[in-house]
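I opened my notebook to look up a few things in this structure. Come along and check each entry against the picture.

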Amino acid sequence: MTDPSATFLLFGATGDLARRMIFPSLYNLLSDGLLPDDFLIIGSARTEMEDDAFRAEIDAALRQFLPADRYDAEVAARFAAMIQYQAVEAGNAGQFAALADRIDGRLERGLSVYLSTPPSLFAPTAQGLSDAGLITPHTRIAMEKPIGKDLASSKQVNDGIGHLFAEDQIFRVDHYLGKETVQNLLALRFGNVMFEPLWNTTAIDHVQITVGETVGLEGRVSYYDGVGALRDMVQNHMLQILSIIAMEPPARMDPTAVRDEKVKALRSLRPMTAETVKTHSVRGQYTPGAVQGQIVTGYADELGQPSDTETFVALKAYIDNWRWQGVPFYLRTGKRMPARQSEIVIQFKPVRHSIFGRDGHGTGLEPNTLVIRLQPEEYIRLIIMSKRPGLERQVKLDEVTLDVSLTAAFAGQRRRIAYERLILDLLAGDATLFVRRDEVEAQWTWIDSIIDGWKEANVKPAAYSSGNWGPSSAIALIERDGASWHE
């Protein structure tokens, strides 16, 4: 492991992500003693601003978005002393030169660049850094999603960065990989002897991955319309979760070994066609309704015009390899859902022979289920069978829950922002929790097959009332196989 970067350069420093997540994360890392003493943070955006004015904006953001008990005036003062601001617009050589002057003498101690900007600015920004002499073997660059809108544009974005940076200097951000519970999937699978022998088609009936949001467009009109749920959520967050669930055991816990196995799983996803999208996918778009007791408008009303963009998608996916042959992976995500919920459900197969009566009928025998909740709570819940207390001659069974609340189990530990882990790893040069180029391209290859299938089969979004779990066809998608969505 190399020494951590001494300088952090953030493009898009006046944006919402910077205010809500990145600067609070950096503050927390400083508060916990995890940043170098002379660490320098340079914020950059197009707006002209003095250092002190920018520091005041960041302090206001910390007061707004940090928990009240986390804000400390003394730490905030030390944090502000680390921050500078430099207005930079892509293509402005003079501004990039001024930026280089601020970093003069620090490059050999490492520079971590974070692009929280539209992807169209990634390559021009990188070129500006190069022209200003700011790209060295000690420079790393992180990119927020989206990395393109399809495979072709993804390659263009990656080529634009790739001709200036080596792959091991590029850190593609998926903030879900910074979540403790997502990382805990690795510990659950490979740190416990009871799960891995059962983690295959012999014991698992199906897998469900759900990411539900209660919000609508929330100010993302210009980005979201024309992108939709498939590109916005499935292509990155959900396929990253799927790859961790489905991957083969890596030889060791290092960036190359882990990501090699993830990309193998992603490349094994069965492509969809114009025929299979009709039975293996559902598109939806929310209409007016009620979410958690609040009346809300429909997507078209928020947008101000009709649209064919999906705000909900449900998929039935197959991974064509030895481990997962025949096991369906059901994915669903949407906006204006009844609850904000991200979880993984591993549904095991029934016991092969019931000793409690013919096929277990009348005894309450049910297959085991493993539920891994990512948000809003974080827990791992194993549903097993136990004898119902009583003196009946025939044994009656009930489901009982072995519940591990990560919040309760680690009550003394602060619940961290996902970006804290990712920023710390970026500074240290550890790419394990970042996405490699071949992963991105494998994800887009599968997503493109669905989009092409939708276009060829003319699949339009079905309406669903806000406050519901998508169109009724999403229920039929899984119930045709004799299963049900876990809710």
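Which helix does Gln 443 lie in? I found Gln 443 in helix 15 (residues 437-457); helices here are DSSP runs of H or I with at least four residues, and strands are E runs of at least two, numbered from the N terminus.

A note to myself: this is a predicted model, where local features need pLDDT of at least 70, side-chain atom pairs count only at pLDDT 80 or more, and totals for chains, interfaces and linings use all residues. Residues are numbered from 1 along each chain, and side-chain values use heavy atoms, without hydrogens and water.

Next I asked: is Gln 443 buried or exposed? Gln 443 is buried, at a relative accessible area of 2% (buried is under 20%, exposed over 50%, partly exposed in between, with a 1.4 Å probe and protein chains only). I also saw that its side chain reaches the backbone oxygen of Gln 235 at 2.7 Å. Leaving out residues up to four places away in sequence, Gln 443 touches several residues, including Asn 236, Leu 239 and Leu 266 (contact means heavy atoms within 4.5 Å).

Nine strands form an open sheet with mixed pairing, in the order 16-15-14-13-7-12-11-8-17 (two strands pair if DSSP finds at least two bridges between them). The edge strands are strand 16 (397-405) and strand 17 (462-465), each pairing on one side only.

Gly 284 has Phe 312 in strand 11 as its bridge partner.

Key: Polar contact = N/O pair within 3.5 Å; in protein donor to acceptor, adjacent residues only side chain to side chain.
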